[in-house]
Amino acid sequence: MAADRLEVAFLTPAYHPQTGGAETYTRHALAALARRGHRVTVVSGTTGATGVDVVDGVTVHRVGPPRIGGLAGSARWLPRWSRACWRVLDDVAPSVLFAHYTGIHAAARWARRNPTPVVALVHDVYGFVENVRWRGPVGGTVRYLNNDRLLVRARPDVVVAVSEATAAAARVRTRAPISVARPGCDHVPPGPDPDPSSRRVLFVGRLVRSKGLDDALASVAAARASVPDATLVVVGSGPTELALPPWVTRLGAIDDDELDREFRSSAALVLPSQREGWGLVVTEAAARGLPYVAYDIPALREQHVLVGGGVLTPPGDVDALARSVRALLTDSQLRRRLGARGHDSARRYLTWRQTAEVVESALFAARDRSAGSRSVDAA
């Protein structure tokens, strides 16, 4: 339990039941913070009805208007959404503001009028070139301005990064202290081990180029030369449209219970992403005892060192990816060994209580740092 209670307001463009790694992180980290005795209020954008409800002990204000796509749409949406957030903040009067994505902009502007420390949550930092390469000229520019550049413009008191890899990228954009609060995995329900006879390979992620669905398809296709009954299940939605062969099942966005069943009925998770801030789906696979095959990129390497529940291959090397997929499909002892190691390590070293402890320390540090700055200014 914290020594004293904070009044925390978290600003975000999307919150549970909207899904994704960022939404999973914020839902469970904030719930763990509330369990530690702090009062947590979320101010979120919404694609549905506005209103107030409670999620896992956290009060959620869903304010409009819904987000509008594109550069011009974002320029119209952000000021209106910020004003809707400020009306809630005026009533809540938080002692610390916590925010991610475009919420950082709204938090920083309110804090200038109502001196309040701001903590920025950073899931990933791409840079302008990579944003444009992965999302195109318009989408990449919007993401860069609404995410990466906010660390420069907003000048938060403290930054919380979800991995050391993300922290390293953020350090070149902010002078604020950075804490690393890795995601937990104890939201994953206990259950049976994955099916030992399965030949299903699972891909979970937004259908964008950076997630590597093309490479996942190519790797399973190559593995089918020696494992002809191997199939691929694709879970996720997004703008990418692909012509899928008959051995691929596309499920789109599914609920948590159905996703859990897909994990447990699969032989392996494949994640050939070349950009990740953390890669929560790997943690979720490991916590279920499902081995993974992923590209050896900084955030996934950091995670792999902790959980050791799968295989990393050189980024872009589809042949190596296919060999590892084939090995997990054909070697039951390897699957069992990696699955057990990942399950035990993930559940031991990655918990939301640990996440909340780091976040809590960052929030107190921001409060104290802000108070010190005001004292100096007053003197």
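Helices H11 and H12 are roughly perpendicular to each other, because their axes cross at roughly 100 degrees. This is a predicted model, so keep that in mind as you look around. The axes of H11 and H12 (residues 332-349) come within 5 Å.

Who does the touching here? On the H11 side you'll find Ala327, Leu328, Leu329 and Thr330, and they meet Ser332, Leu334, Arg335 and Leu338 of H12. Sorted by class, that contact of H11 with H12 has five nonpolar residues, two polar and one charged.

## H7 meets H11

If you like to know the hand of a crossing, H7 passes H11 in a right-handed one.

From H7, the contact takes in Asp215, Ala218, Ser219, Ala222 and Ala223. From H11 come Val318, Leu321, Ala322, Val325, Arg326 and Leu329. The tally for this contact of H7 with H11 is eight nonpolar residues, one polar and two charged.

Which residues of H7 are buried? They are Leu213, Asp215, Ala216, Leu217, Ser219, Val220 and Ala223. The cover over them includes H11, along with strands S9, S10 (231-235), S11, S12 and S13.

## The six-stranded sheet

Those strands belong to an open sheet of six, in the order S11-S10-S9-S12-S13-S14, and the pairing is parallel. At the edges stand S11 (248-252) and S14 (310-313); each has a single partner strand, so one side of each is left without a neighbour in the sheet. Going from one strand to the next, the twist averages 20 degrees.

Now zoom in on one pair. S9 (residues 200-204) and S12 (residues 268-271) pair in the parallel sense over two bridges. Look for Val201: its bridge partner in S12 is Ala268.

Lying across S9, S12 and S13 (292-295) is helix H9, residues 280-287. H9 runs at about 170 degrees to S12.

Thr283 sits in helix H9. Is Thr283 buried or exposed? With 0% relative accessibility, Thr283 counts as buried. Setting aside the neighbours within four places in sequence, Thr283 is in contact with Gly184, Cys185, Trp278, Gln303, Ala346 and Leu350.

## The eight-stranded sheet

There is also an open sheet of eight strands, with mixed pairing and the order S3-S4-S2-S1-S5-S6-S7-S8. The edge strands are S3 and S8 (178-180), and each of them pairs on one side only. Ignoring direction, neighbouring strands of this sheet are turned by 25 degrees against each other on average.

S3 (residues 51-55) and S4 (residues 58-62) run antiparallel, and five bridges join them. Val55 stands opposite Val58 in S4. The hairpin of S3 and S4 has two residues between the strands, and Asp56 there takes a positive phi near 55 degrees.

S7 (residues 158-161) pairs with S8 in the parallel sense, over three bridges. Here Ala161 has Val180 as its bridge partner in S8.

## Helices on that sheet

Two helices to look for are H1 and H3. H1 (residues 21-35) lies across S1 (7-12), S2 (39-44), S3, S4, S5 (96-100), S6 (118-122) and S7. H1 runs at about 155 degrees to S2. H3 (residues 103-113) packs on the sheet too, touching S1, S5 and S6. The direction of H3 makes about 155 degrees with that of S5.

## One alanine in H2

Finally, find Ala84, which has its place in helix H2 (residues 71-92). Ala84 is buried, since its relative accessible area of 7% falls under the 20% cut-off. What does Ala84 touch? Not counting residues up to four places away in sequence, Ala84 touches Val63 and Gly64.

Technical notes:
Residues numbered from 1 in each chain as written. Predicted model: local features only at pLDDT ≥ 70, side-chain atom pairs only at ≥ 80, totals over all residues. Heavy atoms only, no water. Left-handed = near helix turned anticlockwise from the far one by under 90°. Helix = DSSP H or I, 4+ residues; strand = E, 2+ residues; numbered from the N terminus. Contact = heavy atoms within 4.5 Å. Nonpolar A, V, L, I, M, F, W, Y, C, P; charged D, E, K, R; others polar. Pairing = 2+ DSSP bridges. Axes fitted to C-alpha atoms, helices over the stretch in contact; angles between N-to-C directions. Parallel < 35°, antiparallel > 145°, perpendicular 65-115°, else oblique. Buried < 20%, exposed > 50% of the residue type's maximum accessible area, 1.4 Å probe, protein only.
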